[in-house]
Amino acid sequence: MEVKARAPGKIILSGEQAVVHGSTAVAASIDLYTYVSIKILPSTENDDRLTLQLKDMALAFSWPVGRIKESLSSLGGPFPSTPTSCSTASMKLILALVEEQNIPEAKISLASGVTAFLWLYTSILGFKPATVVVTSELPLGSGLGSSAALCVAFSAALLACSDSVNVDMKQQGWLIFGESELELLNKWAFEGEKLIHGKPSGIDNTVSTYGNMIKFRSGNLTHIKSSMPLKMLITNTKVGRNTKALVAGVAERTLRHPDAMNSVFNAVASISEEMANVIQAPALDDLSITAKEEKLEELMEMNQGLLQCMGVSHASIETVLQTTLKYKLASKLTGAGGGGCVLTLLQTLLSGTIVHKVIAELESCGFQCLIAGIGGNGAEICFSASS
Ligand SMILES: Nc1ncnc2c1ncn2[C@@H]1O[C@H](COP(=O)(O)OP(=O)(O)OP(=O)(O)O)[C@@H](O)[C@H]1O
Ligand SMILES: C[C@@](O)(CCO)CC(=O)[O-]
Ligand SMILES: [Mg+2]
């Protein structure tokens with residue numbers, strides 16, 4: 001039996017970075033997914049292995065299960081129904097197992113994803129031999145929540161293989177977990193995110209788990225129902241960055257200027273609340289949709305200004321902003337900033353010619369543009385007979 005899970009990436013419409021400091025943020029899932037498949041293997045006398053294949057990177061890591069057991073059995077577990085944080089001592093042991101794999105220097109940023117995998121795998125399933133395969137449609141380290149989608153997809157597939165969740169394996173196609181399973185899965189994914197991000201707010205794993213559109217504040221989620229079509233152009237500057245370092249940079253700035261930064265975070269919270277209200281307010285005709293879109297554009301620009309204040313914009317992001325402004329379009333960075341992706345609102349009545357022109361100009365700068373579907377399902381699992 002093979003268990004597959006998929007988890008979507010996300011865009012943050014308002015409130016990234018500030019959400020780590022308790023502000024409200026608004027996020028939505030996008031229809032780009034990370035997929036994880038797990039095949040539990042029958043135990044053999046002495047050749048049991050746990051293998052992780054990162055298909056898109058053409059990388060595979062493999063550990064003898066006995067080696068993992070020898071190293072980590074002191075941690076206890078498995079404990080699938082009780083998400084726990086990885087202690088410093090466990091972290092050291094897991095890092096040693098990751099280091100043994102000699103990840104090429106050029107791909108060393110993947111080490112944190114592999115670390116999260118080993119922690120989630122051993123915590124949820126213990127020491128079973130298996131082959132785990134990862135593929136993703138998301139660009140990594142670009143602000144579209146690749147780390148959260150990875151942790152959510154791992155947790156979903158692992159929980160589906162564990163005895164702690166009740167799922168009907170005979171059902172066909174993609175299945176959604178029940179409410180209590182989703183809560184458990186989200187908690188485990190958050191533990192994985194902590195290993196990749198350092199201090200995540202939990203918004204990325206939450207929107208990837210539940211899908212649709214959410215308002216999020218201090219660990220609490222409110223589902224949002226949009227009353228208007230929302231079309232966003234996503235421009236990937238292709239400037240690599242790392243969420244952990246950017247979040248740490250904002251925390252340091254906050255220590256240096258606590259009053260000023262807290263005022264910035266409060267302003268962001270008001271922008272996010274207003275944005276959520278605008279998105280949900282009934283839109284009766286084209287005119288009111290246009291009025292709502294204009295409000296969203298202004299709020300996006302205000303949020304971008306505050307992100308600049310936090311020190312997470314970047315020359316490449318500024319180039320996207322200037323380019324889209326030439327066409328009177330409003331943009332803001334999405335995710336941690338420092339490069340990565342930028343969102344541009346495409347108004348419902350905007351002509352196709354303008355959209356083509358702005359995309360052509362952005363692509364001539366070396367950026368990559370895409371228009372993703374917004375607000376689809378969250379994590380899903382699927383069972384198939386293994387070949
Ligand atoms: N498909 C994947 N395979 C292996 N590792 C992955 C994968 N997706 C994400 N990761 C891990 O997550 C890291 C990127 O996470 P990071 O939080 O920096 O960016 P992001 O999640 O794409 O953007 P943001 O957090 O701003 O939304 C990678 O360096 C890698 O360690
Ligand atoms: C930068 C940040 O706010 C969003 C990253 O997508 C980090 C987080 O909330 O965990
Ligand atoms: Mg991330």
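This is a predicted model: local features need pLDDT of at least 70, side-chain atom pairs count only at pLDDT 80 or more; totals for chains, interfaces and linings use all residues.
Let's start inside. The largest nonpolar core has 112 residues, and helix α4, residues 146-161, gives the most to it, with 12 residues. This core also draws on two domains, taking at least three residues from each of domain 1 (2-222 + 379-384) and domain 2 (230-371). Who has the most contacts inside the core? That would be L13, L52, F154 and M310.

Take F154 for a moment. Leaving aside residues up to four places away in sequence, F154 touches V36, L52, G113, F117, L120, V132 and V134.

Now the metal. Which protein atoms are the donors of the magnesium ion, ligand 3? They're OG of S147 and NE2 of H197, lying 2.2 to 2.3 Å from the ion. S147 sits in helix α4 and H197 in helix α5, residues 179-197, so the pair ties together parts that are 50 residues apart in sequence. Are these two buried or exposed? S147 counts as buried, because its relative accessibility is 13%, and H197 is buried too, with a relative accessible area of 9%.

Last stop, K295. You'll find K295 in helix α9, residues 286-310. Its relative accessibility is 47%, so K295 counts as partly exposed.

Key. Residues are numbered from 1 along each chain as its sequence is written. Chains are lettered from A and ligands numbered from 1 in the order in which they are written. Side-chain values use heavy atoms; hydrogens and water are left out. Helices (H or I, at least four residues) and strands (E, at least two) are DSSP runs, numbered from the N terminus. Buried means under 20% relative accessible area, exposed over 50%, partly exposed in between (1.4 Å probe, protein chains only). A nonpolar core is a set of buried Ala, Val, Leu, Ile, Met, Phe, Trp, Tyr and Cys residues joined through side-chain atoms within 4.5 Å. Domain bounds come from an automatic or database domain assignment. Contact means heavy atoms within 4.5 Å. Donors are N, O and S atoms within 2.8 Å of the metal (3.2 Å for Na, K and Ca); water is not among the atoms, so sites may look incomplete.
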